[in-house]
Amino acid sequence: VTVALTRAMVAAALGAPITEGRRGWWDGPDALSRARVWQATGMVDVALGLETADALAVLKAHAFATGQVVDDVAADLISGRLDVDTLRLATGSDHQD
């Protein structure tokens with residue numbers, strides 16, 4: 001299920017069609033090893049009411065601002081060590097879950 005959702009999230013972020021039987025870069029080990037990033041992107045997407053690409057940009061911006069890599073920010077968000085409200089404040093979003 002995680003692999004299928006990861007593929008769908010990547011395709012949505014890129015505006016790429018989901019094509020069965022064809023391998024895209026999202027089928028490779030780099031994309032699949034980043035399942036937590038895509039999960040966290042979905043969390044930010046829903047919580048802040050953003051498009052997928054913008055939600056990923058928020059994670060990347062937070063990673064840059066805090067001297068982390070996006071994988072670590074995603075892990076922190078999923079585990080609860082980072083609260084989505086912290087990201088909400090940083091973006092100035094007033095969207096509520």
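**Entry 1: overview**

I started with the contacts: among those in the protein chain between residues at least 6 apart in sequence, 47% join residues at least 24 apart. A reminder to myself that this is a predicted model. I then went through the secondary structure of the protein chain and got six helices and zero strands. Read from the N terminus, the elements go α-α-α-α-α-α. I also looked up burial: 36% of the 97 residues of the protein chain count as buried.

**Entry 2: the core**

Which residues have the most contacts inside the largest nonpolar core? I found V44, L59, L77 and L87, in a core of 18 residues. Helix 3, helix 4, helix 5 and helix 6 are the elements that give two or more residues to this core. Helix 3 gives the most, with six residues.

Setting aside neighbours within four places in sequence, I have L77 in contact with A40, M43, V44, L59, L82, D83, V84 and L87. I note that V44, L59 and L87 from the core list turn up among these contacts of L77.

**Entry 3: helix 3 against helix 5**

I took the helix 3 and helix 5 pair next. Their axes are 8 Å apart and the two pack at an angle of about 60°. Helix 3 and helix 5 are therefore oblique to each other. I logged their crossing as left-handed. On the helix 3 side the contact is made by R36, V37, Q39, A40, M43 and V44, and on the helix 5 side by V70, D71, A74, A75, L77 and I78.

**Entry 4: helix 3 against helix 6**

How do helix 3 and helix 6 cross, left-handed or right-handed? First the geometry: I have their axes coming within 10 Å and crossing at roughly 60°. That makes helix 3 oblique to helix 6. The crossing of helix 3 and helix 6 is right-handed, whereas I had the one of helix 3 and helix 5 down as left-handed. For the residues, I listed V44, A47 and L48 in helix 3 meeting V84, L87, R88 and T91 in helix 6.

**Entry 5: the two faces of helix 6**

I stayed with helix 6, residues 84-91, and asked which of its residues are buried. They are V84, L87 and R88. These residues sit on the same side of helix 6, because they cover an arc of only 105° around the axis. On the face turned away from that buried side I found the exposed residues L89 and A90. I then checked what covers the buried residues of helix 6, and the cover includes helix 3 (35-48), helix 4 (52-66) and helix 5 (70-79).

**Entry 6: H62**

I looked up H62, which lies in helix 4. Is H62 buried or exposed? H62 counts as buried because its relative accessibility is 16%, and the cut-off for buried is under 20%. Not counting residues up to four places away in sequence, H62 touches Q68, V73, L82, T86 and L87. I see that L82 and L87 are also on my contact list for L77.

**Entry 7: G92**

Last stop, G92, in the segment after helix 6. I have a positive phi of about 75° for G92, just after that helix. G92 is exposed, with a relative accessible area of 60%. Where does G92 lie relative to L48? I found their C-alpha atoms separated by 9.7 Å, with the two residues 44 apart along the chain.

How values were computed: Residues are numbered from 1 along each chain as its sequence is written. This is a predicted model: local features need pLDDT of at least 70, side-chain atom pairs count only at pLDDT 80 or more; totals for chains, interfaces and linings use all residues. Side-chain values use heavy atoms; hydrogens and water are left out. Buried means under 20% relative accessible area, exposed over 50%, partly exposed in between (1.4 Å probe, protein chains only). Helices (H or I, at least four residues) and strands (E, at least two) are DSSP runs, numbered from the N terminus. The arc is that of the directions from the helix axis to the C-beta atoms. Contact means heavy atoms within 4.5 Å. A nonpolar core is a set of buried Ala, Val, Leu, Ile, Met, Phe, Trp, Tyr and Cys residues joined through side-chain atoms within 4.5 Å. Axes are lines fitted to C-alpha atoms, for helices over the stretch in contact, and angles run from 0 to 180 degrees between N-to-C directions. Angles under 35 degrees count as roughly parallel, over 145 as roughly antiparallel, 65 to 115 as roughly perpendicular and the rest as oblique. A crossing is left-handed if the near helix is turned anticlockwise from the far one by less than a right angle, and right-handed if clockwise.
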